Amino acid sequence: MIFKRFQEDIDSFLARDPAARSRLEVALCYPGYHALMFYRLSHPLWKHNWRLLSRWISQLGKFLTGIEIHPGAGIGRRFVIDHGNSVVIGETSLIGDDVTMYQGVTLGGIAPSVDSKSQINRKRHPTVLDGAIIGSGAQVLGPITVGKGARVGANAVVTKDVPPGVTAVGIPARVIMPKNKQQAKNFVAYGTPAGDCPDPVVQTITNLRGQVEALMDKVDALERRLEESFSPEDEISDRKSATNDAKKPVAISGGCS
Ligand SMILES: CC(C)(COP(=O)(O)OP(=O)(O)OC[C@H]1O[C@@H](n2cnc3c(N)ncnc32)[C@H](O)[C@@H]1OP(=O)(O)O)[C@@H](O)C(=O)NCCC(=O)NCCS
C-alpha cells in the first residue's frame, strides 16, 4: 500500500514535469518528492501524538530539501512540488488531490506573530482544493480556499478565496480575463462560472459603457424629436416673444420707503 503510494507520487512528477525522464530520476533528483516522503512519514506520527519526533523528522526533511511541510498539514494524493526550494506549508493547511506547487510558495497565516496564543489550534492556513496549481513565489495567506482546478500566478499574494477553475494573479491577487474576451460577456447563471471567470472590474466597466451608450442613444432620439416638433417659424416667433418679454419693465414690489 505505502509502496504503491510512493510509486503514484513518482508518477505524478513524471506526468507534470516535462523535464522528468524516469522514475529513478524522480526518486533521486527531486527534492519535492523527497520532502513528500518525509511528510508521509511524519504525518502519521503527528496524528498519533508523537509530536516532537514528527516535527524532528519534518525539520530533517526541511534541512535536506529546503521545503518545510508541517506534519500537521493535510495533503491528498499525487501532490507535486516542482523545484521546491523555500516552499512553506503551514500546520493547518489542507491540500486536495493532484495539486501542483512551485518553488517559493507559502501557505501561511495572515499574522502568526500577533496574539499567537489565541491562534493555537485554529484553522489559520489555506485550503487548496483538487487540481489547483500554485505558481512560484505565490503567497497564499489565511484560512481561505483556492478552488478546484484554480491557478494562482507566479508571485501572486492571495488573501481571499479563489473560485474554482479561474486564474488569479497579482498583488493582491485578482481573477484575470480569459484570453477569449467574448467569454467574459456570456451570461453566467447563478454566478457559477462555466469556464474561466471574467474579471469583475472589466465586467463592471463594460456594463457601465453599455449603459452610457444606451443613454446617449436616448438623448439623441429626444433631441431629434424636439427638433422635429418645432418648425422654423415657431422657433422665430418663440425667440421674438422671448426678446419682448425681456424688454418689458419689471415691477419691483416692496423696497425702501
Ligand atoms: C497565471 C498563469 C497560470 C496564467 O497563464 P495563462 O492562463 O496562460 O495566462 P496568459 O498568459 O494568457 O495571461 C493572461 C494575462 O495575465 C498576465 N499574467 C500572467 N501571469 C501573470 C502573473 N504571474 N502575474 C501577473 N500577471 C500575469 C499576462 O501578462 C496576461 O495579461 P494581458 O491579458 O494584459 O496580456 C501563468 O502565467 C503563471 O504565472 N504560471 C505559474 C507557473 C510557474 O510558477 N512556473 C514556474 C516554473 S519553474
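Me: Which residues does Val-140 touch, not counting residues up to four places away in sequence?
Reply: Two residues are in contact if their C-beta atoms, placed from the backbone, lie within 7 Å. By that rule Val-140 touches Thr-106, Leu-107, Pro-126, Ile-134, Val-146, Val-152 and Val-158. Residues are numbered from 1 along each chain as its sequence is written. This is a predicted model, where local features need pLDDT of at least 70, side-chain atom pairs count only at pLDDT 80 or more, and totals for chains, interfaces and linings use all residues.

Me: Is Val-140 buried or exposed?
Reply: A residue is buried if 20 or more other C-beta atoms lie within 10 Å of its own, exposed if 12 or fewer, and partly exposed in between, with C-beta atoms placed from the backbone. Val-140 is buried because 29 C-beta neighbours lie inside 10 Å. The C-alpha atoms of Val-140 and Leu-107 are separated by 5.0 Å, although these residues stand 33 residues apart along the chain.

Me: What is the average pLDDT of the protein?
Reply: pLDDT is the predictor's confidence in each residue, from 0 to 100. The average here is 85, and 79% of the residues score at least 70. Over residues 184-196 the pLDDT is below 50, yet this stretch has 18 contacts beyond near neighbours in sequence. Residues 252-257 are also below 50, with zero such contacts in the model.

Me: Which residues are closest to the ligand?
Reply: A residue is near a molecule if its C-beta atom, placed from the backbone, lies within 6 Å of it. The ligand is surrounded by 13 residues, and the closest are Gly-135, Ser-136, Gly-153, Ala-154 and Val-169.
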